[in-house]
Amino acid sequence: CVMNILYFAWMREHTGCAAEEIDLPDGVSTVADLVPHLASRSDGHATALRNLKTVRVAVNRTYGALDTPICQGDEVAFFPPVTGG
(Lines give C-alpha, C1' and ligand atoms only; values in the text may rest on other atoms or scores of the structure.)
Protein backbone atom coordinates (compact mmCIF):
# COMPACT_ATOMS: atom_id res chain seq x y z
CA CYS A 1 0.00 0.00 0.00
CA VAL A 2 1.53 3.30 -1.09
CA MET A 3 0.77 6.98 -0.57
CA ASN A 4 -0.66 8.93 -3.47
CA ILE A 5 0.77 12.45 -3.72
CA LEU A 6 -1.09 14.96 -5.92
CA TYR A 7 0.14 18.32 -7.23
CA PHE A 8 -2.08 21.01 -8.74
CA ALA A 9 -1.62 24.18 -10.85
CA TRP A 10 1.90 25.65 -10.83
CA MET A 11 3.03 22.97 -8.38
CA ARG A 12 2.35 20.35 -11.06
CA GLU A 13 4.39 22.39 -13.54
CA HIS A 14 7.37 22.58 -11.18
CA THR A 15 7.32 18.90 -10.18
CA GLY A 16 6.67 17.69 -13.71
CA CYS A 17 3.89 15.39 -12.56
CA ALA A 18 0.28 15.58 -11.44
CA ALA A 19 0.58 12.57 -9.16
CA GLU A 20 3.14 10.15 -7.82
CA GLU A 21 3.06 7.14 -5.57
CA ILE A 22 5.61 6.78 -2.80
CA ASP A 23 6.24 4.53 0.16
CA LEU A 24 5.87 6.41 3.42
CA PRO A 25 9.43 7.06 4.61
CA ASP A 26 10.46 5.93 8.09
CA GLY A 27 9.89 8.59 10.73
CA VAL A 28 7.29 10.48 8.69
CA SER A 29 4.01 10.94 10.54
CA THR A 30 2.77 14.41 9.49
CA VAL A 31 2.57 16.49 6.32
CA ALA A 32 5.46 18.63 7.66
CA ASP A 33 7.60 15.49 8.00
CA LEU A 34 6.77 14.51 4.41
CA VAL A 35 7.68 17.84 2.77
CA PRO A 36 11.51 17.56 3.05
CA HIS A 37 11.36 14.03 1.62
CA LEU A 38 9.32 15.23 -1.36
CA ALA A 39 11.48 18.35 -1.82
CA SER A 40 14.56 16.13 -2.13
CA ARG A 41 13.11 14.29 -5.14
CA SER A 42 14.11 16.98 -7.65
CA ASP A 43 14.93 20.67 -8.02
CA GLY A 44 11.37 21.18 -9.28
CA HIS A 45 9.91 19.55 -6.18
CA ALA A 46 12.12 21.76 -4.02
CA THR A 47 10.88 24.84 -5.87
CA ALA A 48 7.22 23.80 -5.61
CA LEU A 49 7.50 23.16 -1.86
CA ARG A 50 9.88 26.01 -0.98
CA ASN A 51 7.35 28.43 0.48
CA LEU A 52 4.70 26.49 2.37
CA LYS A 53 2.90 29.72 3.25
CA THR A 54 1.70 29.75 -0.36
CA VAL A 55 0.63 26.10 -0.38
CA ARG A 56 -2.51 24.40 0.83
CA VAL A 57 -2.77 20.72 1.67
CA ALA A 58 -5.52 18.14 1.83
CA VAL A 59 -5.22 14.66 3.31
CA ASN A 60 -7.74 12.14 2.01
CA ARG A 61 -9.68 15.01 0.39
CA THR A 62 -10.06 16.93 3.65
CA TYR A 63 -8.28 20.25 4.11
CA GLY A 64 -5.39 19.90 6.48
CA ALA A 65 -2.29 21.63 7.77
CA LEU A 66 1.37 20.85 8.19
CA ASP A 67 0.66 19.09 11.48
CA THR A 68 -2.01 16.81 9.95
CA PRO A 69 -1.13 13.16 10.64
CA ILE A 70 -0.52 10.92 7.64
CA CYS A 71 -0.03 7.19 7.20
CA GLN A 72 0.65 4.66 4.47
CA GLY A 73 -2.21 4.56 1.97
CA ASP A 74 -3.24 8.19 2.41
CA GLU A 75 -3.77 10.64 -0.42
CA VAL A 76 -1.94 13.93 0.14
CA ALA A 77 -2.69 16.81 -2.23
CA PHE A 78 -0.70 20.05 -2.51
CA PHE A 79 -2.17 23.08 -4.25
CA PRO A 80 -1.85 26.84 -4.32
CA PRO A 81 -4.54 28.95 -2.66
CA VAL A 82 -7.57 29.50 -4.87
CA THR A 83 -8.11 33.12 -5.78
CA GLY A 84 -11.26 34.65 -7.18
CA GLY A 85 -11.53 37.38 -9.68
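## Cysteines

Start with a simple tally: the count of disulfides here is zero. Keep in mind that this is a predicted model.

What about the cysteines themselves? Cys 17 counts as buried, because its relative accessibility is 18% and the cut-off for buried is under 20%. Cys 71 has a relative accessibility of 41%, so it counts as partly exposed.

Now for a loop residue. Thr 30 sits between strand S2 (19–22) and helix H2 (31–39). With 17% relative accessibility, Thr 30 is classed as buried.

Which residues does Thr 30 touch, leaving aside those up to four places away in sequence? The list is Leu 66, Asp 67, Thr 68, Pro 69 and Ile 70.

## Aromatic pairs

Searching the whole structure turns up three aromatic pairs. One of them joins Tyr 7 and Phe 78, and it is stacked: the centres are 6.1 Å apart, with 15° between the planes. Tyr 7 belongs to strand S1 (residues 3–7) and Phe 78 to strand S5 (residues 75–79), so this pair ties together parts that lie 71 residues apart in sequence. Both Tyr 7 and Phe 78 are buried.

Then there's Phe 8 with Phe 79, an edge-to-face pair at 6.4 Å centre to centre and 80° between the planes. This pair also links distant parts of the chain: Phe 8 is in the loop between S1 and helix H1 (10–15), while Phe 79 is in strand S5, 71 residues apart. Phe 8 is partly exposed at 37% relative accessibility, whereas Phe 79 is buried, with a relative accessible area of 14%.

## Salt bridges

How many salt bridges are there? The count is two. Take Arg 41 and Glu 20, whose closest N and O atoms are 3.2 Å apart. Arg 41 is in the loop between H2 and helix H3 (43–48) and Glu 20 is in strand S2, so the bridge ties together parts 21 residues apart in sequence. Arg 41 is partly exposed, with a relative accessible area of 39%, but Glu 20 is buried at 12% relative accessibility.

Arg 61 and Glu 75 also meet in a salt bridge, at 3.4 Å from N to O. Since Arg 61 lies in the loop between strand S3 (56–59) and strand S4 (62–64), and Glu 75 in strand S5, the pair ties together parts that are 14 residues apart in sequence. Is Arg 61 buried or exposed? Arg 61 is exposed, because its relative accessible area is 73%. Glu 75, at 16% relative accessibility, counts as buried.

How values were computed. Residues numbered from 1 in each chain as written. Predicted model: local features only at pLDDT ≥ 70, side-chain atom pairs only at ≥ 80, totals over all residues. Heavy atoms only, no water. Disulfide = S-S within 2.5 Å. Buried < 20%, exposed > 50% of the residue type's maximum accessible area, 1.4 Å probe, protein only. Helix = DSSP H or I, 4+ residues; strand = E, 2+ residues; numbered from the N terminus. Contact = heavy atoms within 4.5 Å. Phe/Tyr/Trp six-rings, centres within 6.5 Å; stacked < 30°, edge-to-face > 60°. Salt bridge = Lys/Arg side-chain N within 4 Å of Asp/Glu carboxyl O.
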